[in-house]
Amino acid sequence: MYSITAKRMISGLVLKYLKDMGLVMGKSYATTLPASSKVLLTRPFQGRSLLFQNTDLDGLEVDDTQLTDLPTRSPQFGFPLWGGEKTWIAPDASWVNGAPFPVLDSGAYQITSRSSTHVDMTSAVCPTSRLSVSRRITLTSAESWDIEHIVANHGTSLRLTGIWSVMMLNTPAKIGVELVDPAHHPVFGSAEGMIATHGKGIVVDCNRQQEFKVRLPNPNGRTVARCGADGPLLMCSVPELQQGDQFAHDYPFEVFNSGDYAYCEAEWHSPARNLAPNETLNFRQTFRVLAEEDASQMPLGLTNNKEFLSCMS
């Protein structure tokens, strides 16, 4: 059994897009995450990372009970911005002092199973929420992978719970959602000049440091992100909305753009429910690097939404 920390490899999950070069793991890591010819799931070591990593925190000795003492350029957020991709618990109104539960966001995760194509990992039980998080990351092809999030209630009472998957992308980046009736809902900050309707969809162009958050519908469960000015087009699919689905933040998808660091966030929500003692909540995401020269591997609705797709370039 291996013990790894969220801040180094779970929250810090990084997707590397491989073109003409190979990538290797840093020797300091006791275990590898799955790799294929196109994607490597690991912390940055060599090559280009699609996901943000906070270099301000590199190399620091961290006391998980003193997280607010860590250096930050975003003091308005009372928690460390590790970077990468992570599982949070919604709603944020249930957090203590405006911070995600430290055991789940910054604590140690135990690897419970791994192979050349998957890794399973589980957190400790959070003493505040009485929740634990398990994650299974599975490579399904050279261009695609799944992340399954599982939250368990170890407490003695019902708890309103939603799974909140947060991916911190390096900027510049574009994030798009296909919508028949394009509309977005501001949460804070100003997205002026950085969000627009194109065809049957909305594109958020995170091309500069300007803090804002918006919430969006996601009726077909599909989002796309352009990772860098000349980077790959990444598609994420989640289950389509079902009648009666309710979300902890009212909408199933959010976009945040930082005004202090060069990153933005794509944020997916599972439907929320009152989780009974010993019950679990599951949420699965499927990611695929799209080959734009091969329209046959794109969903038909996305291929036909030409104006939207062209504005993701």
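Biologist: What should I know before we start?

Modeller: The model is predicted: local features need pLDDT of at least 70, side-chain atom pairs count only at pLDDT 80 or more, and totals for chains, interfaces and linings use all residues. Residues are numbered from 1 along each chain as its sequence is written, and side-chain values use heavy atoms, with hydrogens and water left out.

Biologist: Why is Thr161 called buried?

Modeller: Buried means under 20% relative accessible area (exposed is over 50%, partly exposed in between; 1.4 Å probe, protein chains only). Thr161 has 0%, so Thr161 is buried.

Biologist: What does Thr161 touch?

Modeller: Contact means heavy atoms within 4.5 Å. Not counting residues up to four places away in sequence, the contacts of Thr161 include Ile89, Leu131, Val151 and Pro271.

Biologist: Which strand holds Thr161, and what makes a strand?

Modeller: Thr161 lies in strand β9, residues 159-170. Strands (E, at least two residues) and helices (H or I, at least four) are DSSP runs, numbered from the N terminus. The chain has 4 helices and 20 strands.

Biologist: Where is Thr87, and why does Thr87 count as buried?

Modeller: Thr87 sits in strand β4, residues 85-90. Its relative accessibility is 4%, so Thr87 counts as buried.

Biologist: What makes the pairing of Thr87 with Arg135 a polar contact?

Modeller: A polar contact is a pair of N or O atoms within 3.5 Å; within protein, one must be able to donate a hydrogen and the other to accept it, and residues adjacent in sequence count only if both atoms are side-chain atoms. The side chains of Thr87 and Arg135 meet this rule at 2.7 Å. The side chain of Thr87 also makes a polar contact with the side chain of His149, at 2.7 Å.

Biologist: Which other residues does Thr87 contact?

Modeller: Leaving aside neighbours within four places in sequence, the list also has Val133, Ile163 and Trp164.

Biologist: Why are Cys126 and Cys236 called buried?

Modeller: Cys126 has a relative accessible area of 1%, so Cys126 is buried. Cys236 is at 1% too, so Cys236 counts as buried.

Biologist: How much of the chain is buried?

Modeller: Of the 313 residues, 53% are buried.
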